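The sequence and the model are shown first, and the main points follow by topic.

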Amino acid sequence: MLKTFRIGGIHPPENKLSVWKKVSVLPVPAQAVIPLGQHIGAPAQAVVKKGDMVKVGTLLGKSGGFISSNIHSSVSGKVSKIDSAVDASGYKRPAVYIDVEGDEWEEAIDRSDTPAKECLLSTREIIDRITGAGVVGLGGATFPTQVKLTPPAGMKAEMLIINGVECEPYLTSDHSLMTEKGEEVLAGVAILMKAAGVDKAVVGIENNKPDAIAYLRDLAKGYQGIEVAPLKVKYPQGGEKQLIDAVMRRQVKSGALPISVGAVVQNVGTAYAVYEAVQKNKPLVERIVTVTGGGVREPSNFLVRIGTPVRDLIEAAGGMTGDAGKIIGGGPMMGKALVSEDVPITKGSSGILVLPRVESVRKPARSCIRCAKCVQACPMGLNPSLLMNAAEFAAWELAEKNYIVDCIECGSCSFTCPANRPLLDHIRMGKGKVMGIIRGRKS
Amino acid sequence: MILIAIITLGGIGVVSSGLLYVASKKFEVYENPLVAQVQEALPAANCGGCGYPGCSGFAGACVGAQSLDGLLCPVGGAAVMNRIAAILGKDAAGVEPKIAVVRCNGNCEARPRVNRYDGARNCAIAASLYGGETGCSYGCLGYGDCVTACTFAAIGINPATGLPEVAEDRCTSCGACVKACPKGIIELRKKGPKSRRIFVGCVNKDKGGVARKACSSACIGCSKCEKECKFDAITIADNLAYIDPQKCRLCRKCTASCPTGAIYELNFPPPRKEAVAAAGQVSEEKTN
Amino acid sequence: MENKLIISPSPHIHGGDSIQRNMYGVLLALVPAFAVSVYYFGMGALVVTAVSVASCVLAEYLIQRFLLKREPSIGDGSAILTGVLLAFNLPSNLPAWIIVIGALAAIGIGKMSFGGLGNNIFNPALVGRVFLLISFPAQMTTWPLPGKLPMEYTDSITGATTLSLLNEGGGSLPSVVDMLLGNMGGSLGEVSAAALLLGFVYLLARKIITWHIPVAVIATAFAMTGVMYLADPLSYADPVVHLLSGGLLLGAIFMATDYVTSPMSSSGMIVYGVGIGLLTSVIRLFGSYPEGVSFAILIMNALTPLINTYFKPKHFGGK
């Protein structure tokens with residue numbers, strides 16, 4: 001029996017259209033728009049000004065707080081302005097615009113391809129390099145990596161769990177990374193183990209990626225303490241708490257951190273970025289992005305510089321079909337619909353999904369028939385139907401009592417609902433409200 | 001037979017009444033009789049406009065407070081506050097009648113759509129997702145959270161403009177819509193003499209050019225009105241004009257000076273012909 | 001259509017499940033039982049079902065259209081399902097005008113007065129059935145005996161059901177094989193245990209319902225009647241007889257599992273199912289009515305909101 005998490009879950013069609021495509025390098029864009037807030041937490045403070053010349057790897061923004069991250073230039077050229085740009089969040093946020101000239105890199109960056117397995121740095125030095133390089137969680141949550149590696153006092157990690165699940169339908173960026181850069185990923189895992197002070201790491205991969213499992217298993221023989229765990233396909237296995245439950249059979253309590261059950265979870269993409277940051281001194285300036293969906297002609301995987309407009313990626317994937325109706329940053333379950341093709345790729349962009357118009361429009365919602373399919377689907381063991389009603393009628397106390405803040409916004413409830421009710425729309429809004437109320441009570 | 005029935009039923013009655021008596025004594029909650037009196041005087045709308053959970057909460061607060069300063073039932077206004085003051089033997093604070101105004105006039109023509117929203121029709125949800133269907137990320141979303149919040153049916157979306165409109169005779173200035181609007185478009189303003197008031201019908205803080213591109217009736221922060229105003233009632237901050245209702249003398253000079261027609265005047269006698277041309281069609285709709 | 005990008009919150013895909021799929025799925029699962037009833041009760045089964053379905057659908061349409069002034073939603077299949085389930089709980093020789101009254105009670109009182117599908121507290125078909133049982137006790141408890149494709153509708157030979165034999169004593173019970181196949185007296189849809197179980201397997205396979213409620217009902221009723229049988233085999237019948245006779249299986253599989261009126265969490269479903277099993281057994285063993293499934297389900301329907309309050313889904317990470 002393959003492992004998987006124990007509560008709820010769904011099986012959306014996988015649609016991994018771009019799975020057989022090798023990662024190709026996307027040309028540097030003519031203008032890069034690099035948002036200063038690409039992570040959870042405070043945006044970075046700009047340290048360049050209009051007219052400055054920058055190289056690839058030049059620091060553009062300095063971390064603006066404890067939970068924040070550095071931002072580096074992904075291109076070389078001239079800073080044309082520091083203004084706001086609509087990013088994947090749908091709102092205008094400060095960003096650095098750079099007109100690209102050539103492709104010059106900072107000298108300190110090692111651009112060779114030779115894998116460097118050995119790492120002799122101390123834990124402190126590793127974490128400093130990760131902080132300096134602006135590495136954040138690349139699974140989509142973009143939580144600054146160094147914060148996760150510095151547990152609160154008195155907490156000790158037992159195990160590092162590497163998230164190679166990629167449970168979102170359509171996306172294949174992590175899959176391509178594991179099959180094409182497996183060596184580097186594992187070297188990164190070893191570094192992360194050292195940084196987190198653990199001697200055991202498990203790479204969790206869903207068994208719809210047998211090539212990645214076999215390849216990494218083979219490579220893992222060369223490392224002490226790294227194990228590859230094939231997992232039964234079920235969404236949302238890539239959720240942090242779900243993955244810990246699948247791998248360790250331990251459930252993180254409501255409101256607690258993964259470290260409370262001895263786990264630190266990092267994405268495979270993050271492991272690769274950590275490897276580059278520590279061994280190659282390379283800041284996080286590019287990432288693998290899947291461009292996919294029925295709305296693009298040639299679904300592909302690209303290595304893309306941060307700040308490249310989505311338009312360039314879609315063009316490289318053969319352009320949109322005539323009936324494209326929705327562009328999504330991320331996967332179909334948790335991704336955000338983008339307002340335009342000018343939105344730049346950021347650290348958290350794992351994919352660009354273009355859906356044809358017919359797949360883009362929701363069916364009209366009917367009244368709830370209390371079939372409880374959402375209850376069965378919810379991986380957090382909540383009652384989405386009840387929570388939606390509570391949120392819709394502003395019954396915040398009821399919502400809080402029924403753990404609305406535990407919702408991980410995976411969308412399984414809305415996906416399942418036979419009455420097409422927008423369950424997650426309301427629950428997400430209610431979760432925000434209730435979290436605000438809780439914060440207000442604390443202060 | 002009848003006797004048994006009478007005895008049984010009578011017995012049950014006696015026992016139950018005894019139980020009820022004991023329970024009512026044992027679980028009795030003492031309440032200051034003044035609270036009930038004050039609550040009697042309140043409009044019983046339970047709208048929460050006073051900031052307390054319902055009328056009984058407000059009544060408790062009035063009885064408990066040293067003075068009535070800062071306590072106001074927006075629905076009942078001065079009349080109710082005076083009555084409460086009389087019951088409690090305290091002085092009532094002065095009350096100025098207010099009303100809700102909608103500070104957005106980006107109707108379908110002025111503010112073309114640039115995308116289509118397909119989520120749950122709820123402003124809070126749409127606002128947490130993105131800037132909205134039009135180029136203006138400050139303007140009204142039009143999904144009617146204010147309408148849902150209003151207990152008095154005093155605000156409704158006009159299907160022609162897609163914007164909320166306030167029914168003046170029903171609005172009690174409880175402020176529920178102000179709290180409900182995620183964009184902070186609705187403001188409680190001084191009702192003004194004969195309900196006449198002037199305000200800027202826009203909350204867009206983008207630079208003039210950007211705002212103008214997104215909406216033809218946007219305030220572009222050009223400060224023409226600021227210069228026109230003789231009473232220093234208009235200030236410009238973040239590319240946006242604001243008219244201080246306390247300082248405004250309702251001279252209406254600013255309305256004519258606005259190049260985008262973003263300043264609105266309500267309940268004035270019909271303007272002279274040249275003013276109609278300047279104010280444009282939108283404000284006319286608003287006045288009606 | 002306008003050519004603008006569509007924006008919506010996630011998720012951006014839907015599993016394709018619909019109310020119709022579930023309702024028509026249940027109807028499909030009822031086909032074997034219907035086939036058996038037509039085989040044994042012939043014309044009567046056809047007429048009763050047709051009248052019941054037609055009047056339920058018409059009642060729903062008329063109420064939505066003219067009383068509630070809403071867009072009629074008869075296409076979702078729920079009124080058809082109510083009609084079929086009501087018919088399955090009636091004797092096959094019931095006069096048409098009584099069926100029409102039952103359908104009106106089911107849809108009008110049981111469903112629409114609460115606000116339509118999703119808002120009703122009680123299972124509409126059972127509301128209709130109990131309404132008829134109380135109003136027309138004689139007609140509702142006269143069951144025609146099964147024949148082979150009989151063509152007459154109201155003039156068939158009538159006899160007692162297994163449960164009324166048990167309740168009143170005397171008479172010989174049908175064999176277990178007959179009970180499995182449905183060769184006994186009873187309401188038209190409840191007679192064949194095998195056909196109903198076939199439907200259950202289908203519902204589980206298509207994930208229309210979960211196992212919790214039916215298994216809890218059946219296991220509890222079996223255990224309870226079994227204990228009484230072991231204590232006093234002379235006064236109480238074999239639990240297998242209880243299981244296969246009357247409306248227990250039809251109720252457990254198709255009526256108790258009605259989405260709207262059953263609890264939402266797995267633990268709640270078990271509690272609800274156990275409650276139905278217990279109440280059914282109590283009414284059958286000690287009550288004056290021979291059959292108690294309908295009442296048991298309706299009583300537990302009333303308790304469903306309470307069960308939902310106290311039996312929450314198993315929360316991730318425990319308390």
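**Briefing: interface, cysteines and a buried asparagine**

Two salt bridges are found by the rule across the interface of chain C and chain A. The model is a predicted one.

**The interface of chain C and chain A**

- One salt bridge joins Arg366(A) to Asp76(C), and their closest N and O atoms are 3.2 Å apart.
- Polar contacts between chain C and chain A amount to 28 residue pairs, counting those with both residues at pLDDT 80 or more.
- On the side of chain C that touches chain A, strand 1 (5–7) and helix 1 (19–29) of chain C each supply at least two residues.
- Helix 1 of chain C gives the largest share of that side, with four residues.
- By residue type, the side of chain C that touches chain A comprises 16 nonpolar, 18 polar and nine charged residues.
- In the contact as a whole, 43 residues come from chain C and 61 residues from chain A.
- Together, chain C and chain A bury about 4,300 Å², of which 56% lies on carbon and sulfur atoms.
- Within chain C, the residues that lose the most area to chain A are His12(C), Met264(C) and Phe316(C), which together account for 20% of what that side buries.

**Cysteines without disulfides**

- Over all chains, the structure holds zero disulfides.
- The closest cysteine sulfur to that of Cys378(A) belongs to Cys410(A), and the distance of 6.4 Å is too far for a bond, because a disulfide requires two cysteine sulfur atoms within 2.5 Å.
- Cys378(A) is buried, its relative accessible area being 8%.
- For Cys177(B), the closest cysteine sulfur is that of Cys171(B), 6.2 Å away and therefore too far for a bond.
- Cys177(B) also counts as buried, with 10% relative accessibility.

- Asn70(A) sits in the loop of chain A between strand 5 (59–62) and strand 6 (71–72).
- With a relative accessible area of 11%, Asn70(A) is buried, since the limit for a buried residue is under 20%.
- A polar atom of the Asn70(A) side chain lies 3.2 Å from the backbone oxygen of Gly132(A).
- The backbone oxygen of Thr131(A) is 3.5 Å from a polar atom of the Asn70(A) side chain.

How values were computed
Residues numbered from 1 in each chain as written. Chains lettered and ligands numbered in written order. Predicted model: local features only at pLDDT ≥ 70, side-chain atom pairs only at ≥ 80, totals over all residues. Heavy atoms only, no water. Buried < 20%, exposed > 50% of the residue type's maximum accessible area, 1.4 Å probe, protein only. Polar contact = N/O pair within 3.5 Å; in protein donor to acceptor, adjacent residues only side chain to side chain. Contact = heavy atoms within 4.5 Å. Buried area = accessible area lost by both parts, 1.4 Å probe. Salt bridge = Lys/Arg side-chain N within 4 Å of Asp/Glu carboxyl O. Nonpolar A, V, L, I, M, F, W, Y, C, P; charged D, E, K, R; others polar.
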